[in-house]
Amino acid sequence: MEVAARDQDVVKGSKAGAASKRLSSVWNRAENGSPDATPTSSVSPGRMLLAEDIKARREDAAQWLGALTGASVSSASDAEFRKALNNGVVLCKALNVVAPNSVKVIESAEDVGPTKQRYENVQNFIKAVANLGVQQEVMFSVADLESDGPEEKPRVADCVLWLKRLHEGKSSHLHLHNLRDDTIPASDSPRKASIGAMSSRGSSS
């Protein structure tokens, strides 16, 4: 009986040792980046989609600002995008295209210093877009442009895109207005007079 018990203890010890070796092997493969190791992602699919959406909006905003003002606005990262705008010059120039004379005085890029002039440009932009009716949820602050931390500030791009939509809406309205002017002659125009004469002849006959 004692021999049988010792044999069972030996078997149990062997199985436990084998299991420990297998577990140790798995951990070693995981630490060394072995293909057998199962990778775990700390980024959820939802976060990845959100990051892609923020990046797309930033690229759209940078492209529109560049096309409207001729300035080079980087969209490689959120930090670079905000850095290109943090003196307020590009923002104010774009705003004045959308709504002329919204910012009366724009401190030029050469004259803008690290504090006062840059602050004034950005503050003038913020006040002007507020007067145009920008939604509070897409409005950014001076601190958002100044921040150099790792946290992204998507409101900057979202505010620019709001301004873009305003501009496109105005352009569309102006286009329709011009079409009406082209198709409906003025009351004192020769074309209007000719149409009136033809109508009179038709009614008299």
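**Exercise 1.** How do the axes of H4 and helix H5 cross, and within what distance do they come?

*Solution.* Start with the ground rules: this is a predicted model, where local features need pLDDT of at least 70, side-chain atom pairs count only at pLDDT 80 or more, and totals for chains, interfaces and linings use all residues. Residues are numbered from 1 along each chain as its sequence is written, and side-chain values use heavy atoms, with hydrogens and water left out.

Step 1: helices here are DSSP runs (H or I, at least four residues), numbered from the N terminus; H5 covers residues 116-132.
Step 2: the axes, lines fitted to C-alpha atoms over the stretch in contact, come within 8 Å and cross at roughly 30°. Angles run from 0 to 180 degrees between N-to-C directions.
Step 3: look for contacts (heavy atoms within 4.5 Å). From H4, Val89, Leu91, Cys92 and Leu95 meet Asn121, Phe125, Ala128, Val129 and Leu132 of H5.

**Exercise 2.** Find the angle at which H2 and H4 pack, then list the residues that meet.

*Solution.* Step 1: H2 (residues 45-69) and H4 (residues 89-98) pack at about 70°, their axes 10 Å apart. That makes H2 roughly perpendicular to H4 (65 to 115 degrees).
Step 2: Trp64, Leu65, Leu68 and Thr69 of H2 meet Val90, Lys93, Ala94, Val97 and Val98 of H4.

**Exercise 3.** How many residues of H4 are buried?

*Solution.* Step 1: apply the cut-off, under 20% relative accessible area with a 1.4 Å probe, protein chains only.
Step 2: count 8 of the 10 residues, so H4 is mostly covered. Among the buried ones are Val89, Leu91, Asn96 and Val98.

Definitions and conventions
Helices (H or I, at least four residues) and strands (E, at least two) are DSSP runs, numbered from the N terminus. Angles under 35 degrees count as roughly parallel, over 145 as roughly antiparallel, 65 to 115 as roughly perpendicular and the rest as oblique. Buried means under 20% relative accessible area, exposed over 50%, partly exposed in between (1.4 Å probe, protein chains only).
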